[in-house]
Amino acid sequence: MFNQLTGNLEANSKVGVILPTYCEAQNIEKLITEIESLPLNKSILVIDDYSPDGTAQIVEKLQKKYRNLLLFVRPQKSGLGTAITDGFKIFLSLRNVPEYVVTMDADYSHNPKELPQLVSKMSNTCDLIIGSRYCKGGKTAGWSYTRKVISRGANMLARSLLGLQPHDCTSGFRCYSASFLKNIISYLHSHTYDIQIETINQAHTKGFKVKETPILFVNRKRGKSKLSLVEIQNYLSYIFKTMALGRNH
Ligand SMILES: Nc1nc2c(ncn2[C@@H]2O[C@H](COP(=O)(O)OP(=O)(O)OP(=O)(O)O)[C@@H](O)[C@H]2O)c(=O)[nH]1
Ligand SMILES: [Mg+2]
């Protein structure tokens, strides 16, 4: 199913880290190096959409150095939602499934130094920890006024129209338990940024516990944002479809 997957598939890691990438050549090497240096038993999985800037080639070079670095290259840009879902499927299909799966952006908006803290908040009573910009102690830095309004508006809609509880429903810096992912994987259909609310929605529907922990989100310094009108439209259409059809559709 995942023919284009390379790297050591026999690793026995506690944490699987998914890095979705589209044109992150300016960020990816430093980010992987920094995650590798963390005191955590982890594997890293880059899901790249054939980035024309050579992101995947940089990862291939790093695979010679890091045995726990996996790479899955898809033939074209296919959306953040399907990238994350493919990442979940890959980790769940390994012989040694990691106990936890972390997702984070590859543009340095999420600080890898906060990753161990995120994982440490997981417990028997929690299945999803959201690195939150909007709970007490969370922050964003470097965003334009428009970007802040988009993010706040997206959260306001998810909370008020879908009844989701977290203060930050759209953050991509998260830690999931593998048992929760096994339970919801066949229900995930999001193509783009709506994946972030679809997973929370699934947790609420199926009675899994979601918590937040504060993070500092810093606007990307290198490379371009991939958030476009199409992504915003997809996000809104997920919300309205869920309202119309109910949570279980
Ligand atoms: N594989 C894959 N990765 C994607 C796709 N779209 C976005 N990404 C990655 O997902 C992460 C988040 O995308 P960003 O462009 O940073 O989106 P954002 O953080 O909402 O927007 P900014 O705040 O403007 O950076 C980054 O690591 C991107 O490279 C996609 O279609 N395919
Ligand atoms: Mg970003």
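**Loops, core and ligand shell**

Asn111 counts as partly exposed because it has 16 C-beta neighbours inside 10 Å; a residue is buried if 20 or more other C-beta atoms lie within 10 Å of its own, exposed if 12 or fewer, and partly exposed in between, with C-beta atoms placed from the backbone. The model is predicted, so that local features need pLDDT of at least 70 and side-chain atom pairs count only at pLDDT 80 or more, while totals for chains, interfaces and linings use all residues. Residues are numbered from 1 along each chain as its sequence is written, and chains are lettered from A and ligands numbered from 1 in the order in which they are written.

Asn111 is found in the loop that links β5 (100–103) with α4 (115–120). Helices (H or I, at least four residues) and strands (E, at least two) are DSSP runs, numbered from the N terminus. Between Asn111 and Ile35 there are 76 residues of sequence separation, and their C-alpha atoms are 9.5 Å apart.

The largest nonpolar core has 56 residues, of which Val17, Ile18, Ile44, Leu45, Val101 and Val102 touch the most other members. Such a core is a set of buried Ala, Val, Leu, Ile, Met, Phe, Trp, Tyr and Cys residues joined through C-beta atoms within 7 Å. Helix α3 makes the greatest contribution to this core, 6 residues. Beyond its neighbours within four places in sequence, Val101 is in contact (C-beta atoms, placed from the backbone, within 7 Å) with Gly16, Ile18, Phe88, Phe91, Tyr176, Ala178 and Leu181.

The shell around ligand 1 comprises 20 residues, the closest being Pro20, Ala83, Ala106, Ser225 and Lys226. The criterion is a C-beta atom, placed from the backbone, within 6 Å of the molecule. Two or more residues of this shell come from each of β2 (15–21), β3 (42–48) and α3 (80–93). By class, the shell holds 8 charged, 7 nonpolar and 5 polar residues. Here Ala, Val, Leu, Ile, Met, Phe, Trp, Tyr, Cys and Pro count as nonpolar, Asp, Glu, Lys and Arg as charged, and the others, Gly among them, as polar.

Helix packing comes next. Helices α5 (residues 145–162) and α8 (residues 229–245) pack with axes 10 Å apart and at an angle of about 5 degrees. The two helices α5 and α8 are therefore roughly parallel to each other, as angles under 35 degrees are counted. On the α5 side the contact is made by Ala154, Leu157, Ala158, Leu161 and Leu162, and on the α8 side by Tyr235, Ile239, Thr242 and Met243. This contact has 8 nonpolar residues, 1 polar residue and no charged residues.

Most residues other than glycine have a negative phi. Cys23, in the loop between β2 and α1 (28–36), has a positive phi near 55 degrees. Its 20 C-beta neighbours inside 10 Å make Cys23 count as buried. Tyr50, in the loop between β3 and α2 (55–63), also has a positive phi, of about 55 degrees, but Tyr50 is partly exposed, with 14 other C-beta atoms within 10 Å.

Two further loops remain. Cys126 occupies the loop between α4 and β6 (128–132) and is in contact with Lys209 and Lys211, its neighbours within four places in sequence left aside. Ile185 lies in the loop between α6 (178–184) and α7 (195–206); with sequence neighbours within four places again set aside, Ile185 is in contact with Phe88, Lys89 and Leu92.

Conventions. Contact = placed C-beta atoms within 7 Å. Axes fitted to C-alpha atoms, helices over the stretch in contact; angles between N-to-C directions. Parallel < 35°, antiparallel > 145°, perpendicular 65-115°, else oblique.
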